[in-house]
Amino acid sequence: MKISIIGTCCLLMAAQLTLAQPRYKNASVATEERVADLLARMTTVEKIGQLCAPTGWEMYHKKDATSVKPSQQFKERMQQMPPGSFWATLRADPWTEKTLQTGLNPELAAEALNALQRYALEETRLGIPLFFAEECPHGHMAIGTTVFPTSLAQAGTFNRRLIREMAAAIGLEASLQGAHIGYGPILDVAREPRWSRMEETFGEDPLLTGILGSHFVRGLQGDDPQSNHQLYSTLKHFAAYGIPSGGHNGQKASIGLRELFSDHLEPFRMAIDAGAMSIMTSYNAIDGVPTTASSFLLKELLRDRWGFQGFVFSDLGSIEGIAGTHRVAPDVRHAAAMALQAGVDIDLGGNAYGRNLKQALEDHLISMEDIDRSVMNILRLKFEMGLFEDPYVDPSQAARFVRSDKHKQIAREVARQGTVLLKNENGLLPLSGKIRTIAVVGPNADNIYNQLGDYTAPQDRDNIVTLLDGIRNAAAPHTVVRYAKGCAIRDTTQSNIDEAVEIAQASDVVVLVVGGSSARDFKTEYLETGAATVATGGEDILSDMDSGEGYDRSTLHLLGDQEKLLNALAHTGKPLIVIYIQGRPLNMNNAAQKADALLTAWYPGQEGGHAIADILFGEYNPAGRLPVSVPRSVGQLPVYYSLGRQAAYIDGSSSPLYAFGYGLSYTHYHYSDLTIHVEKEQVKVTCTITNAGNMDGDEVVQLYVGDNQSSVVTPPIQLKDFRRIHIQKGASKTITFTLKIDDLALYNRQMQRVTEPGVFTLMIGAASDDIRLRETFLIE
């Protein structure tokens with residue numbers, strides 16, 4: 001009887017607690033009801049706080065190597081106006097002034113975000129959990145994580161499955177440390193190589209960008225948003241940011257509406273269809289309207305037409321830029337009102353909204369409905385991620401799985417598959433095991449940061465494999481490997497070309513590693529947006545940095561004494577292998593003429609040295625393809641492949657030095673047996689690829705289409721699908737492509753997306769300028 005009474009009392013107490021508990025804290029209540037209940041309880045200040053994402057790296061205090069706690073600055077901020085999210089809390093680089101000593105390892109990072117989250121839930125009035133957003137374009141930008149190759153190298157793989165696998169690893173590493181939002185992928189179609197941020201993109205083609213970007217999203221976010229091992233992906237930068245006038249970062253995009261939709265918006269549409277739950281505006285303007293203030297882009301297109309259900313970030317300082325850079329608002333208060341009404345939910349940086357929206361509301365520049373709409377977009381995804389129930393992570397899991405051997409192997413594979421062989425005269429590569437001496441030369445042969453790219457945290461030396469490391473590890477025991485730097489990327493006071501020539505003359509083969517660098521250092525000065533400022537001279541030694549956000553170029557030449565070094569080594573007559581490690585397609589004219597073998601590895605990441613050495617010594621047969629055309633000169637720009645063949649200039653060729661999709665292998669392939677079957681809703685295409693060489697390898701089969709006659713101008717050649725396949729020597733594979741009728745669509749004169757009847761030319765080849773099979777087909 002006593003047990004029965006006690007049980008009844010417990011049930012009554014539980015029922016009372018349930019009744020006393022706010023509905024928004026009850027996980028059994030529908031998400032929309034929870035959102036409405038919480039919204040009704042919030043003050044104006046608490047609502048505005050949810051729309052702010054201030055920088056986070058000052059929000060923790062590292063007491064010693066094993067303990068961390070919330071900083072006083074964090075506590076004050078949480079009491080004044082609790083933000084909805086923090087950005088880059090775990091970021092470490094010269095801008096944040098977080099080093100290997102002052103930053104956090106993965107286990108401590110997880111403890112830090114747990115501590116901040118616990119304060120938000122337990123010490124604020126409503127206990128609303130925080131979103132932590134982190135940079136994740138080629139790895140989580142934090143100490144102790146895996147550094148994958150940058151996006152141009154990722155795109156060079158033409159391998160959607162591998163990119164998804166890589167993104168899943170990135171998502172796991174960031175989420176195990178407590179992050180919920182990963183900034184990436186970057187979907188800007190980049191057709192201006194002078195622009196400083198081309199390295200962050202998948203290159204010049206909208207379909208390649210859209211397919212790889214969609215698989216990146218699926219990998220990063222995973223299948224279960226409540227698994228706490230995945231992130232919400234943030235697409236960047238919306239929109240047309242990759243074609244800035246003059247190559248100046250953030251400059252206006254001079255573009256028509258049809259090209260905007262067909263080329264620059266299409267990758268975003270594809271990624272949203274893949275499930276992306278957040279998106280970031282860009283710094284530029286399109287047709288006189290800043291993208292951060294464009295209700296056409298952020299409401300009519302993104303939400304009404306595409307059905308986007310997530311939330312929209314501004315880029316850092318881009319709301320202030322509406323008034324400052326673009327001068328379409330009298331002050332930041334009006335700019336904040338314009339951005340909110342246009343559809344920007346979260347102010348990255350937090351100052352524009354945090355300091356101005358309350359006054360804008362009182363001045364009737366915005367309504368409470370404007371604020372509520374954005375707050376609901378944020379709260380909805382916090383509830384759906386399960387943060388109100390389970391916001392914490394296990395630090396021991398971060399210590400175990402971040403930068404695991406498995407992830408390092410994925411990084412090596414992406415670097416191998418993304419490296420492009422451009423020239424291999426007389427079959428110099430792969431190198432013979434009989435080589436006795438190798439000279440390794442150049443500013444990028446043994447510089448860890450120069451091969452990692454922008455948005456990279458400080459690294460322990462033993463985590464990075466340079467090409468010199470890789471060659472020494474891969475060379476036969478009897479092979480002597482000699483090294484000389486020769487020169488720096490930009491600075492000429494460090495050059496010692498004579499030393500490089502001396503070791504080259506004493507060697508059987510020379511490997512020269514040139515290019516550029518996006519490596520920031522603690523001498524670099526930064527804008528409030530985080531972009532680096534360009535050194536104006538007067539320094540004792542120029543940094544290597546020639547790329548990365550803020551480092552736009554007026555030329556594409558190798559800087560410093562790199563061309564002199566190349567010429568001197570070529571003059572020795574020794575077999576010369578030139579490798580570019582770079583963040584944009586630099587001028588290769590001289591190298592293409594004088595090198596016996598030429599490769600580009602872009603920024604190949606922490607395992608880059610192993611990956612390139614695998615290729616040089618024949619452990620891996622290269623099959624990477626160019627995701628962007630390599631121009632002969634800046635006078636050709638723009639020179640992207642879908643412009644088609646152009647008449648020659650009076651003073652030179654109009655074709656690129658190397659075209660989009662180009663890349664060599666150690667074997668060769670024969671294309672045959674093209675068939676096309678037009679069905680009601682699709683076009684099925686088959687062809688046979690034969691490995692006619694003496695080595696197993698991959699081939700990247702590319703399918704292009706041209707519309708022979710249309711109501712508006714369309715590209716004469718446009719990538720529509722691709723497949724990377726492995727074929728053993730002497731073997732053949734038949735592959736099938738299935739094109740939907742909508743894949744042939746255009747935007748007609750009424751800006752309607754339609755597939756017009758008529759004749760199309762289908763082209764299959766190994767590159768955009770190497771078409772092996774061609775046939776026409778009719779759409780009735």
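Trainee: Why is α14 called largely enclosed by the rest of the structure?

Mentor: Because 13 of its 18 residues are buried; buried means under 20% relative accessible area, exposed over 50%, and partly exposed in between, with a 1.4 Å probe and protein chains only. The model is predicted, so local features need pLDDT of at least 70 and side-chain atom pairs pLDDT 80 or more, while totals for chains, interfaces and linings use all residues. Residues are numbered from 1 along each chain as its sequence is written, and side-chain values use heavy atoms, without hydrogens and water.

Trainee: How do you know that the span of α14 is close to the expected one?

Mentor: Helix α14 (a DSSP run of H or I, at least four residues) covers residues 368–385. The expected span is 1.5 Å times one less than the number of residues; for these 18 residues that is 26 Å, and α14 reaches 26 Å from first C-alpha to last. G386 follows α14, with a positive phi near 85°.

Trainee: What makes M695 partly exposed?

Mentor: Its relative accessible area is 23%, so M695 counts as partly exposed. M695 sits in the loop between β20 and β21 (697–707). Beyond neighbours within four places in sequence, M695 is in contact (heavy atoms within 4.5 Å) with G618, N621, Y666, T667 and K729.

Trainee: Why are β19 and β20 said to pair?

Mentor: Two strands (DSSP runs of E, at least two residues) pair if DSSP finds at least two bridges between them. β19 and β20 (residues 682–691) share eight, in the antiparallel sense, so they pair.
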